[in-house]
Amino acid sequence: ILSGLVGSEMCIRDSAMTSVKRALTLAHLSFLDKRPADLLRIAAHAGFDAVSLRLATPAAGHVCYPLQAGSDDLRELRRLADGLGVEIAEVEVVCLAADTEVAQYLPLLEAGAELGATRLCVNVDDPVRSRAVENGVQLCDLAAPLGMAVDIEFMVWRPVHDLRDAAGFVKAVARPNAFVLVDALHLQRCGAIPGQIDSALLPLIGNVQLCDAPLRRPADDQIVAEARGDRLLPGEGELPLAELVARLPAGLSIGVEIPTRRYAQGMDAFELATRAAQALSLIHISEPTRPER
């Protein structure tokens, strides 16, 4: 149990504070060769509270596991999740490209909502900002009646490339269910630091993903490869993860996205996921809450 002591006059009152463990979500990219049912079992074994599921692909030829709302497969997956006590918190990935027709994503959203997901991960690949923003507006309006938030993820190699740019995009969309997804690796590779998440940006952050990496940025032609398959477990690298978590809004869950060479080289997925969950215990991932009066 953590006790928060802020100033001498608050020591006695705050000594009674307890801590609430933030919910942990295992991102599907960590083990993208695993079908959704297997990912749920891995997450349950490792002690995660939830998963994200890749029901759509951000690019042709990439792996995904589409499900249809109302289908027997989807209902069976939902029963498995309920039985394991693991939520399906998020579905991914919608890509807003130059030729995107937002309506095509309604089946994805309906499937996600039926699974209980409340968040949607979005990449922006359209270099025309006005068109991308308009598609973002349409996507938010499509997702809102289904109770889903839309998280814009920035990446240094995409048109929405850094934290400030993603915040500007979300502000331009101007919908209450539009947020920024902060990935610790992408934050570092775009040259930002957790301290830049100030009071103006804080309300815009709806989702976060942790992994670790060296501080030094790889060569430009290795940036994508690092993100998709060469990450480290939390605590194994040099990223300021504790500082990042400390700046997060209260109640925000934490995603873990750890595609790593070790898994590609044969390490068991159950062991790797367990190590990742255990590594987070070395980072201050809890948030204080006061006891009920």
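## Overall figures

Of the 293 residues in the protein, 50% are buried (under 20% relative accessible area; exposed is over 50%, partly exposed in between; 1.4 Å probe, protein chains only). The accessible surface comes to about 13,400 Å². Carbon and sulfur atoms hold 53% of that surface. Areas come from the Shrake-Rupley method with a 1.4 Å probe, and for residues only the protein chains shown count as cover.

This is a predicted model: local features need pLDDT of at least 70, side-chain atom pairs count only at pLDDT 80 or more, and totals for chains, interfaces and linings use all residues. Residues are numbered from 1 along each chain as its sequence is written, and side-chain values use heavy atoms, with hydrogens and water left out.

## Elements and contacts

The protein has 11 helices and 10 strands. These are DSSP runs, numbered from the N terminus: helices are H or I with at least four residues, strands are E with at least two. Contact means heavy atoms within 4.5 Å. Among contacts with a separation of 6 or more, 79% join residues 24 or more positions apart.

## The barrel

Eight strands form a closed barrel in the order E2-E3-E4-E5-E6-E7-E8-E9, with parallel pairing. The twist averages 30° from one strand to the next. Two strands pair if DSSP finds at least two bridges between them. Strand E2 (residues 24–26) and strand E9 (residues 254–256) pair in the parallel sense over three bridges. Thr25 has Gly255 of E9 as its bridge partner.

Helix H2 (residues 36–46) lies across E2, E3 (50–54) and E4 (87–96), and runs at about 160° to E3. Helix H6 (residues 163–173) touches E4, E5 (119–124), E6 (149–153) and E7 (178–183). The direction of H6 makes about 165° with that of E7. Axes are lines fitted to C-alpha atoms, for helices over the stretch in contact; angles run from 0 to 180 degrees between N-to-C directions.

## Helix H3 against helix H4

The axes of H3 (residues 72–84) and H4 (residues 106–115) come within 9 Å and cross at roughly 35°. H3 contributes Leu74, Arg75, Leu77 and Arg78 to the contact, and H4 contributes Ala111, Glu114 and Leu115. These residues divide into four nonpolar, no polar and three charged. Ala, Val, Leu, Ile, Met, Phe, Trp, Tyr, Cys and Pro count as nonpolar, Asp, Glu, Lys and Arg as charged, and the others, Gly among them, as polar.

## Two buried side chains

Arg22 is found in the loop between strand E1 (18–21) and E2. Arg22 counts as buried because its relative accessibility is 4%. The C-alpha atoms of Arg22 and Ala250 are separated by 8.9 Å, although the two are 228 residues apart along the chain.

His186 lies in helix H7 (residues 184–189). His186 is buried, with a relative accessible area of 4%. Neighbours within four places in sequence aside, His186 is in contact with Glu153, Phe154, Met155, Trp157, Ala227 and Arg231.

## Backbone exceptions

Most residues other than glycine have a negative phi, and most peptide bonds are trans. Val93 sits in strand E4.
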